[in-house]
Amino acid sequence: MLCTRLTNARFLTMDPDHPVAHDLGVWHGRIVGLDEAVSGLPAREVVDLQGATVLPGFIDSHVHLAWTGLKAIAPSLAGVERIEDALAVVADAAARRNAPGAWIHVGDYDQRALGRHLTAADLDRVAAGHRIFLMHTSGHACVVNSAVLDLLPADVPHDDGLLVEGAMGAVRRLRLPYAQEELADAVEHAGRACLAEGVTACAEAGIGGGLLGHSPAELGAYQLLRDRGRLPLRVQLMPGADTLKPLGAHERDGIPRGLDLGLRTGFGDDWLSVGALKIYTDGGMMARTAALTEPYEGTDGTGQLQADPEHLASLIVDGHLAGWQLAVHAIGDRAADLALDALERAQELRPRPDARHRIEHAGLIRPDQLPRFARLGLSAVVQPNFLRYFGDDYATVMGPRRAPWMYRGRGFLDHGVPLVGSSDRPVTDGSPLRAIQFMVERTSLSGRPIGPDEAITVGEALHAYTVAGAYACRWDDSAGSLTPGKRADLVVLGDDPHAVDTSRIGDIEVVATFVDGREATEGRSREHPPAGPSGYRGPRPGCRT
């Protein structure tokens, strides 16, 4: 007997052997068959999806859940365009804290909206004796007041309170660590937001170290959620590369450094596992710190690498030798050159054809770099919504010659490079459907075309958020398509992305999200959930496991 049979739907399976189905059977969280293989079988529950379109659950291959959850409860400068208004937000946040010297964390800081960077002197006017930390919306910079600068070593560089990249890390270390309970609440909040957008699995891009780690014991917060049954969706964790240390392993192991006990990619279960090793090589375009081979338009600046190139290359090589899958953050083309050279060297030292190394962001990739991606078997993990929301700014600072090279689509696919969709939430909107719309349109919110020759089809964009995401996270044996034997993770949509006008894809309603064959969408009553356009009103079906 089936636990559940989902029927009367258009299942777009993403499986070329059975691309469309109308019935799907579930037994203990797994898909056991489609159409005639299950249509005549008894089931504990039969759920009529009223003609809805159903896809495999979206996979967001690069997110920051803890940051997303913590940002949601922090004061925000989003939408603020005047210096005095920004300082008023900081003053209000400071007035709410009674403890002298408390940390005041304010999010969504963006100098582009204000016309200039805030300074330590600006913040001192409203600090009320507290330590002020403004987090840049990119995650690659911050502004602090004098009370924080006084705590920093004298050799930490800053520009009147503005700190970028590694210097920002010095400030964060003063504030850390967050408690595991606090992190767990933040992750749960962010995970439920993912579910509401049809995301059933994600890769957390950097824990325990690096620019965005929140605690040396950060993994414990995810285990706490897992143990309590509060982890909303499947999560793969990427440890930061600066958590590696010499291990003293046997010389035949060839592991120069690693995590304690030799832990590496693949440890864990279907709900919580260790993924790739996250290695930062450069900054970001919003903060103008992405490392370029040519200057940003109208400037002499070419961004910066996170550290000495030899040090970064050795991290990449050592991570590969230790058996890790690598997720190398490289936004600028100069950073991509470094990553490609180091990965090529690593494969020469110890060939691993199925290493599935990834370049995170791949924000500006020159035409000559595309064949190297393919030759090294790399996936490009891009964030289409960056150009949807920030594309006007990015295109301006790259100029007309380089703008078409940003966050490519067609260029990667035509070279045989797996194109993987992701959000980098909370840097921008996490909606896969809005990102898919951009991948097809290549148009910013203002209507500006950005690299129109890089546009791909709806089917290819959906592939990036399902099949390719599963491949990049090494979940391809259990996720990414609605295939018998795989997990019954799926998203119910109010319309078919192939059938609506391209401009409407991002507005398609996510009617329900299923994990392990049971409805998991936040906020839906089990007895009387709201109906979507398809008319579906369903309980949380499935066997309890």
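Thr137 touches Trp67, Lys71, Asp108, Tyr109, Asp110, Met286 and Val427, leaving aside residues up to four places away in sequence. This threonine sits in the loop between S7 and S8, and its relative accessibility of 9% makes it count as buried. Everything here comes from a predicted model, so please read the values below as computed from that model.

**The mixed sheet**

- Four strands form an open sheet in the order S6-S7-S8-S9, and their pairing is mixed.
- The edges are taken by S6 (103-109) and S9 (162-164); each has a single partner strand, so one side of each has no neighbour in the sheet.
- On average, neighbouring strands in this sheet are turned by 25 degrees against each other, direction ignored.
- S8 (residues 141-144) and S9 run antiparallel and are joined by 3 bridges.
- Val143 has Leu162 in S9 as its bridge partner.
- Helix H6 (residues 166-175) packs on the sheet and touches S6, S7 (131-136), S8 and S9. The direction of H6 makes about 105 degrees with that of S9.

**The parallel sheet**

- Another open sheet of 4 strands has the order S5-S10-S11-S14, here with parallel pairing.
- S5 (58-63) and S14 (272-274) are its edge strands, and each of them pairs on one side only.
- Neighbouring strands of this sheet are turned by 15 degrees against each other on average, again with direction ignored.
- Within the sheet, S10 (residues 199-207) runs parallel to S11 (residues 234-239), and 5 bridges join the two.
- Glu204 stands opposite Leu237 in S11.

**Salt bridges**

- The count of salt bridges comes to 40.
- Side chains of opposite charge can pair when their charged atoms come close.
- Arg5 and Asp23 meet in a salt bridge through their side chains, at 3.1 Å from N to O. This pair links distant parts of the chain, with Arg5 in strand S1 (residues 2-12) and Asp23 in strand S2 (residues 20-27), 18 residues apart. Both Arg5 and Asp23 are buried.
- Arg10 forms a salt bridge with Asp496, where the closest N and O atoms are 3.4 Å apart. Arg10 belongs to S1, while Asp496 lies in the loop between S20 (490-493) and S21 (510-515), so the pair ties together parts that are 486 residues apart in sequence.
- The burial of these two partners can be read from their accessibility: Asp496 is buried because its relative accessible area is 9%, whereas Arg10, at 36% relative accessibility, counts as partly exposed.
- Arg192 and Glu188 form a salt bridge with their closest N and O atoms 3.8 Å apart. Both lie in helix H7 (residues 180-196), 4 residues apart, which is about one turn of the helix.
- A network of salt bridges links Arg30, Arg234, Asp270, Arg487, Asp489 and Asp516.

**The largest pocket**

- The volume of the largest pocket is about 540 Å³.
- Its lining consists of 26 residues, and Arg173, Gly209, Gly210, Leu211 and Asp242 are the ones that lie nearest the centre.
- H6, S15 (277-280) and H9 (309-321) are the elements that give two or more residues to the lining of the largest pocket.

**Cavities**

- There are 5 cavities of 30 Å³ or more.
- The largest cavity holds about 140 Å³ of space.
- The largest cavity is lined by 20 residues, with Ser138, His140, His329, His361 and Asp424 lying nearest its centre.
- S15 and H12 (384-402) are the elements that give two or more residues to the lining of the largest cavity. S15 is also named among the elements that line the largest pocket.

Conventions: Residues numbered from 1 in each chain as written. Predicted model: local features only at pLDDT ≥ 70, side-chain atom pairs only at ≥ 80, totals over all residues. Heavy atoms only, no water. Pairing = 2+ DSSP bridges. Axes fitted to C-alpha atoms, helices over the stretch in contact; angles between N-to-C directions. Contact = heavy atoms within 4.5 Å. Salt bridge = Lys/Arg side-chain N within 4 Å of Asp/Glu carboxyl O. Buried < 20%, exposed > 50% of the residue type's maximum accessible area, 1.4 Å probe, protein only. 1 Å grid on protein atoms, 1.4 Å probe; cavity = no way out; pocket = protein on both sides within 12 Å on 5 of 7 lines; lining within 4 Å. Points joined across faces, edges and corners; volume = space filled by probe spheres on them.
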